[in-house]
Amino acid sequence: MPTIAAEDDAKTNTATPNIIVSKYSYGGVPIANGNMFNFDAVFKNTSKSTSIENIVMSLETGEGLSIHQASNTYYYEKLSPQGTKSQSIGMQVLPTAETGSVKLTLNFSYEYIDNTERKQVTSSQSVSIPVYKPDKLEIELEPLATATVGQEQTVTLNYVNKGKGELSNVKAEITGDVTALTSVQNLGNFESGKSGTINFVVIPEIAGEV
């Protein structure tokens, strides 16, 4: 009878190599909306034995981010076992971004050889970028008339919130060599564009500048 060769028992599948973002930086401090920054990423082939090839990295920006004068897709020919690649990308926080964290997703597709078969893998990883809306509260003191010791005088402050975000729990306080009918005012929240006046009624205690 003819002899039938058994399948090669030594043939095994290669473990799928993975890509991870091992390090990233956006400057180390929260970024004000409207500002530009560099996003620097280092990604790594975690396999100790298998190279990966034809690597394509694409960036997917969430609400509040955009790519500035750069591509959202990058190609790398090969990454050796335990090898790393770095990439710097110009980005901008949109003026409409809310205070908090915005998400940036890095999508990867790549190939590797499993015995003699070429296989394709896709993966993704998301990172967070902290952003904030700068406060722009503009205050102007109205010119004061000459005050008299012991008599009431009104101090008026005109304000406008020129920032794009709401200011929360605004408090005004007056201190000095005067007695105020109310020295602290809790004014609540000032939405963007809100304007108004803050008035303090004071009684000067000494002559001269106070």
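The lining of the largest pocket holds 16 nonpolar, four polar and two charged residues. Keep in mind that this is a predicted model.

**Stop 1: the pocket.** The volume of the largest pocket is about 430 Å³. Select Leu144, Val155, Val178, Val202 and Val210: of the 22 lining residues, these are the closest to the pocket's centre. Then colour strand 11 (153–161), strand 12 (167–173) and strand 15 (195–204). These are the elements that give two or more residues to the lining.

**Stop 2: strand 3.** Move to residues 36–45, which form strand 3. Show the side chains. In a regular strand, side chains alternate between the two faces of the sheet. Strand 3 does this: Phe37, Phe39, Ala41, Phe43 and Asn45 point to one face and are buried.

**Stop 3: the partners of strand 3.** Select strand 1 (residues 19–25), which pairs with strand 3 in the antiparallel sense over six bridges. Tyr24 stands opposite Ala41 here. Pick Phe43 and find Lys85, its bridge partner in strand 7.

**Stop 4: Asn45.** Centre on Asn45, in strand 3. Is Asn45 buried or exposed? Asn45 is buried, because its relative accessible area is 0%, and the cut-off for buried is under 20%. Next, select what it touches beyond four places in sequence: Pro17, Asn18, Thr50, Ser51, Ile52, Leu79, Ser80, Pro81, Gln82 and Gly83. Which residue's backbone oxygen lies 3.2 Å from a polar atom of the Asn45 side chain? That oxygen belongs to Ser80.

**Stop 5: Gln82.** One of the residues that Asn45 touches is Gln82. Gln82 sits in the loop between strand 6 (73–79) and strand 7. Its relative accessible area is 34%, so Gln82 counts as partly exposed. Draw a C-alpha to C-alpha distance from Gln82 to Lys44: the two are 6.4 Å apart in space and 38 residues apart in sequence. Leaving aside neighbours within four places in sequence, its contacts are Lys44, Asn45, Thr46, Ser47 and Lys48. Finish on the side chain of Gln82. One of its polar atoms lies 2.7 Å from the backbone oxygen of Thr46.

Terms used: Residues numbered from 1 in each chain as written. Predicted model: local features only at pLDDT ≥ 70, side-chain atom pairs only at ≥ 80, totals over all residues. Heavy atoms only, no water. Helix = DSSP H or I, 4+ residues; strand = E, 2+ residues; numbered from the N terminus. Buried < 20%, exposed > 50% of the residue type's maximum accessible area, 1.4 Å probe, protein only. Polar contact = N/O pair within 3.5 Å; in protein donor to acceptor, adjacent residues only side chain to side chain. Contact = heavy atoms within 4.5 Å. Pairing = 2+ DSSP bridges. 1 Å grid on protein atoms, 1.4 Å probe; cavity = no way out; pocket = protein on both sides within 12 Å on 5 of 7 lines; lining within 4 Å. Points joined across faces, edges and corners; volume = space filled by probe spheres on them. Nonpolar A, V, L, I, M, F, W, Y, C, P; charged D, E, K, R; others polar.
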